[in-house]
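Subject: A structure for you to explore

Hi there,

Here is the structure I promised to pass on to you. Have it open while you read, and follow along with my notes below.

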Amino acid sequence: MKKLFAAVLLTISAAAAVAGPYGSQSVLVVEDDTGKVLIEKNANAIVPIASLTKLMTAMVVLDAKQDMSAPIYIEQVDVDMLKHSTSRVPVGAAISRQDVLQLALMSSDNRAAASLGRTYPGGTPAFKAAVNAKIAALGMTQTKIEEPTGLSPNNKSTASDLVKMAVAASAYPEIARITTDSKDIININGRGVEYHNTNRLVGAKGWDIGLSKTGYTEEAGRCLIMRIKAAGKNATLVLLNAKASSVRVVDALSIRRFMTGDAAPVLARAHPRAEARIMKASMRSRDAKTVKARHRRA
């Protein structure tokens, strides 16, 4: 792991990379075993990162070694008053910290993420200090994170920095497991409620994903972090500011084709119906799978 992290911290050289016709504003794909940049486009542009922030939130929370079985009470202060995003997590619900983390990472729930920051030992100020310390420890020199959800457009980073964050997050087995769950059932006020992964590629046919996180705000566009395996190669990819979900998915498909040796990328401006057909086939495989056993957490 130390070797891998050292490789990722190498200075990114655009000259060694391919910059194909990708629709996302920033694209970076790094080979995990060597740190070699496979694809690069605007990797050092500082932009809002939306819910990719939640990977940092999760690392800081897990570093604090809190009781994951202890209940967190969702409060009115956890409600998004900035973007007015919706949530299926009701105010007043008591949910275990473990399940709150599941909701924040897998289904990208903003109330869940906000409550994790609020209930950090020492409260919100201590949480922010821990985030800043983690950013510094990871060498993320172009990153600023002000709050735990990613709703603030002031949470900014670069694709280069986010690769470092992805590598670090993947070293946490709990984060890797949660972000690659396609769905789960969470106990909300005594009733089992099914939640799904925001990344439709998780569990889809042909995809071997070791870490995943999506993000979206109006300022950040559609964002995606994944660690994938294709044709025996392991790579970390970051996509920032795609203008539509279909563009983000098509870029990911193009990257996988590149890794498997198919030089012809999927067209970044693929017709929505064509992208829908691709995803429909993949989703049939995904939906055939059962919910991963949650008893492993015990």
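Helix 2 (residues 53-63) packs against helix 4 (residues 110-118) at an angle of about 35°, and their axes are 10 Å apart. Axes here are lines fitted to C-alpha atoms, for helices over the stretch in contact, and angles run from 0 to 180 degrees between N-to-C directions. Helices (H or I, at least four residues) and strands (E, at least two) are DSSP runs, numbered from the N terminus. Helix 2 and helix 4 cross in a left-handed way, a term used if the near helix is turned anticlockwise from the far one by less than a right angle. Lys54, Thr57 and Val61 of helix 2 make the contact with Asn110, Ala113 and Leu116 of helix 4, where contact means heavy atoms within 4.5 Å.

Before you go further, please keep in mind that this is a predicted model, in which local features need pLDDT of at least 70 and side-chain atom pairs count only at pLDDT 80 or more, while totals for chains, interfaces and linings use all residues. Residues are numbered from 1 along each chain as its sequence is written, and side-chain values use heavy atoms, with hydrogens and water left out.

How covered are these two helices? Because 10 of the 11 residues of helix 2 are buried, helix 2 is largely enclosed by the rest of the structure. Buried means under 20% relative accessible area, exposed over 50%, and partly exposed in between (1.4 Å probe, protein chains only). Among the buried residues of helix 2 are Leu55, Met56 and Val60. Just after helix 2, look for Lys65, with its positive phi of about 55°. Helix 4 is mostly covered too, with 8 of its 9 residues buried. Those buried residues pack against helix 2, strand 4, helix 3 (97-106) and helix 5 (123-137).

You will find an open sheet of 5 strands in the order 2-1-11-10-9, paired antiparallel; two strands pair if DSSP finds at least two bridges between them. At the edges sit strand 2 (37-41) and strand 9 (208-217), each pairing on one side only. Strand 1 (residues 26-31) runs antiparallel to strand 2 and is joined to it by 4 bridges.

Strand 7 (residues 183-188) and strand 8 (residues 191-196) pair in the antiparallel sense over 6 bridges, and Asp184 stands opposite Tyr195 in strand 8.

Pro90 lies in the loop between strand 4 (71-73) and strand 5 (94-96). At 28% relative accessibility, Pro90 counts as partly exposed.

Finally, which rings pair up? A search of the whole structure finds 1 aromatic pair. The rings of Tyr120 and Phe127 have centres 5.9 Å apart and planes at 70°, so the pair is edge-to-face. Rings of Phe, Tyr and Trp (its six-membered ring) pair if their centres lie within 6.5 Å; planes under 30 degrees apart count as stacked, over 60 as edge-to-face and the rest as tilted. Tyr120 and Phe127 are both buried.

Enjoy looking around!

Best wishes
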